[in-house]
Amino acid sequence: MTTLIASTDEIPDNGSYLFTVEEADGNLEEVILVSLSDGVSAWKNFCQHETDQRLDRGNGAAMRNGEIICPKHGSMFDAESGYCDNGKAAGSTLAEVDISVRHGQIYLTDEDLEFRHEGGIDDDDGPSSTSHLQF
Ligand code: FES
């Protein structure tokens, strides 16, 4: 199923757009969208060094020069490839999520994931929840 997540305008230039998906086994997982110089990428919202460490803790991931910075030990992941060549997470790559972008709209196309809601797992009933089209 292809689900509309957000429009490209909703991704902060310096930060990330957080949303929650459901995996095939029913587990909820957070995903971040980040802006690239010529597109958008999507990653599971956890560091590869300690996988319980979120990159975006609800206020957008820290970004600098096209890299996503882990808030715990400061490893930097390339926002385009997800690869990290520094610090504690050196040699690892963020877990990628399949999306597509058409006419400024970002769609979840990952067959193993279903869109649940905007924001983090705990934000289910939050004021920022909005309904999203599914088709
Ligand atoms: S938890 Fe991310 S670098 Fe250590």
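Trainee: Which residue is the bridge partner of Val31 in E4?

Mentor: In this predicted model, Val31 has Lys44 of E4 as its bridge partner.

Trainee: What makes E3 and E4 a pair of strands?

Mentor: Pairing requires at least two bridges between two strands. Strand E3, residues 28-36, is joined to E4 by six bridges, so the two count as paired under that cut-off. They run antiparallel, and a hairpin connects E3 to E4 through two residues.

Trainee: How do you know that E2 pairs with E3?

Mentor: The cut-off is again at least two bridges. Six bridges join strand E2, residues 17-23, to E3, so E2 and E3 are a pair as well. The strands run antiparallel; Leu18, for instance, has Ile32 in E3 as its bridge partner. E2 and E3 also form a hairpin, with four residues between them. Gly26, in that turn, has a positive phi of about 95 degrees.

Trainee: In what order do the strands of the open sheet stand?

Mentor: The order of the four strands is E4-E3-E2-E10, with antiparallel pairing. Strands E4 (39-44) and E10 (113-118) each have a single partner strand, so they stand at the edges and one side of each has no neighbour in the sheet. On average, neighbouring strands are turned by 35 degrees against each other, direction ignored.

Trainee: Why is E3 called largely enclosed by the rest of the structure?

Mentor: Seven of its nine residues are buried, so E3 is described as largely enclosed. A residue is buried if its relative accessible area is under 20%.

Trainee: Why is Lys44 called buried?

Mentor: The relative accessible area of Lys44 is 14%. Lys44 lies in strand E4.

Trainee: What makes the approach of Lys44 and Glu23 a polar contact?

Mentor: The side chains of Lys44 and Glu23 are joined at 3.3 Å.

Trainee: Which residues is Lys44 in contact with, leaving aside its neighbours within four places in sequence?

Mentor: Among them are Glu23, Glu29, Glu30 and Val31. Leu55, Ala95, Val97 and Leu113 are also in contact with Lys44.

Conventions:
Residues are numbered from 1 along each chain as its sequence is written. This is a predicted model: local features need pLDDT of at least 70, side-chain atom pairs count only at pLDDT 80 or more; totals for chains, interfaces and linings use all residues. Side-chain values use heavy atoms; hydrogens and water are left out. Axes are lines fitted to C-alpha atoms, for helices over the stretch in contact, and angles run from 0 to 180 degrees between N-to-C directions. Buried means under 20% relative accessible area, exposed over 50%, partly exposed in between (1.4 Å probe, protein chains only). A polar contact is a pair of N or O atoms within 3.5 Å; within protein, one must be able to donate a hydrogen and the other to accept it, and residues adjacent in sequence count only if both atoms are side-chain atoms. Contact means heavy atoms within 4.5 Å.
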